[in-house]
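Please look over the sequence and the fold below before reading on. The report that follows takes up helix packing, the sheet and the surroundings of the ligand in turn.

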Amino acid sequence: MIDLRSKTALVTGGGRGIGREIALRFAQAGCAVAVSDIDVTTAQTTVKELEALGVRAVALQADVANGSDVEAMFKSIVAAFGALDILVNNAGITRDGLLVRMKEEEWDLVLRVNLKSAFLCSKEAARIMMKARSGRIINIASVVGINGNFGQVNYAASKAGLIGLTKTVARELASRFITVNAVAPGFIATAMTDMLPDAEKEKLVKNIPMQKLGSAADVANAVLFLASPLAEYITGQVLTVDGGLVM
Ligand SMILES: NC(=O)c1ccc[n+]([C@@H]2O[C@H](COP(=O)([O-])OP(=O)(O)OC[C@H]3O[C@@H](n4cnc5c(N)ncnc54)[C@H](O)[C@@H]3O)[C@@H](O)[C@H]2O)c1
């Protein structure tokens, strides 16, 4: 039903997990996709899967926390596609620890990768989208940016910052018909949550009204909706995909 043929998208951190699933959803809707990742071999694997679905796709190596990498990445996208309709700021990391034990480097790294990256990529994308007078920016936040979470002061702050960035950029770009929204996943089964001990996972699931972890596909479906013409009049919103955890 959702048709993104003739559209082009960039998914950061698209080599695996939620980003890979978003790239696949876009490709299934006919969208050309640039997949960027700090680990380019994973991005190349995703691109092969996308090409098998019959769409144009490119793999780009970039550390999205680095301004010159981001600039080069956007140059490559314009060279490959000549346009960019959809940006998904998905790349993210965790470096968990209690406030009193957290090192300054762990704070800085998480803020750079999860938050500064969205500033850098949104700025580049906005230049292209403002000229086109249309576009979609979707930021992958987290429910912990809304509720906070024990042992994740850096991660929760980065995701709360991403929500503030989303609302501000939404206001600044609305008059150009560019929508900017955040998707806030709850606990999703990916490599990121695999790192948690089983006992911790069981405790987490008990607190979820739907009593199960979400899947990368659950998040990708919400992103596809926000990127589609169905969401044309929705901007500045945070859509939680969390089995009812935050309500
Ligand atoms: N898994 C969850 O439960 C969950 C919950 C809420 C939010 N999220 C968010 O969803 C997003 C994707 O998470 P995931 O679970 O798929 O994680 P993941 O670790 O499986 O994938 C993240 C991807 O980002 C890439 N990446 C990391 N640092 C990068 C950098 N500096 N530049 C470019 N790429 C980089 C990694 O190589 C990897 O391919 C993240 O922003 C994460 O914070 C995940």
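## Contact of helix 4 with helix 6

In this predicted model, helix 4 meets helix 6 through Glu106, Trp107, Val110, Leu111, Asn114, Leu115, Ala118, Phe119, Ser122 and Ala126 on its own side, and through Asn154, Tyr155, Ala157, Ser158, Lys159, Gly161, Leu162, Leu165, Val169 and Leu173 on the side of helix 6. Sorted by class, the residues of this contact comprise 13 nonpolar, 5 polar and 2 charged.

The axes of helix 4, which spans residues 104-132, and helix 6, which spans residues 153-173, come within 9 Å and cross at roughly 15°. Because angles under 35 degrees count as roughly parallel, helix 4 and helix 6 are therefore described as roughly parallel to each other, and their crossing is right-handed.

## Contact of helix 3 with helix 4

Helix 4 also takes part in a crossing with helix 3, where the two axes come within 10 Å at an angle of roughly 30°. Helix 3 and helix 4 are therefore likewise roughly parallel to each other, and helix 3 passes helix 4 in a right-handed crossing.

Gly67, Val70, Glu71 and Phe74 of helix 3 make this contact with Leu120, Cys121 and Glu124 of helix 4. The residues of the contact between helix 3 and helix 4 divide into 4 nonpolar, 1 polar and 2 charged.

## The sheet and the helices packed on it

The model contains an open sheet of 7 strands in the order 3-2-1-4-5-6-7, with parallel pairing. Strand 3 (57-61) and strand 7 (238-241) stand at the edges with a single partner strand each, so that one side of each is left without a neighbour in the sheet. From one strand to the next, the twist averages 15°.

Within the sheet, strand 4 (residues 86-89) and strand 5 (residues 135-140) pair in the parallel sense over 4 bridges, and Ile86 has Arg136 in strand 5 as its bridge partner. Helix 2 (residues 40-52) lies across strand 2 (32-37) and strand 3, running at about 175° to strand 3. Helix 3 (residues 67-81) packs on the sheet as well, touching strand 1 (8-12), strand 2 and strand 3, and its direction makes about 160° with that of strand 2.

## Surroundings of the ligand

Which residues are closest to the ligand? Of the 29 residues that surround the ligand, the closest are Gly13, Gly17, Gly92, Thr190 and Met192. Helix 1 (17-28) and helix 7 (191-194) each supply at least two residues of this shell, and the shell residues divide into 14 nonpolar, 11 polar and 4 charged.

Key:
Residues are numbered from 1 along each chain as its sequence is written. This is a predicted model: local features need pLDDT of at least 70, side-chain atom pairs count only at pLDDT 80 or more; totals for chains, interfaces and linings use all residues. Axes are lines fitted to C-alpha atoms, for helices over the stretch in contact, and angles run from 0 to 180 degrees between N-to-C directions. Angles under 35 degrees count as roughly parallel, over 145 as roughly antiparallel, 65 to 115 as roughly perpendicular and the rest as oblique. A crossing is left-handed if the near helix is turned anticlockwise from the far one by less than a right angle, and right-handed if clockwise. Two residues are in contact if their C-beta atoms, placed from the backbone, lie within 7 Å. Ala, Val, Leu, Ile, Met, Phe, Trp, Tyr, Cys and Pro count as nonpolar, Asp, Glu, Lys and Arg as charged, and the others, Gly among them, as polar. Two strands pair if DSSP finds at least two bridges between them. A residue is near a molecule or strand if its C-beta atom, placed from the backbone, lies within 6 Å of it.
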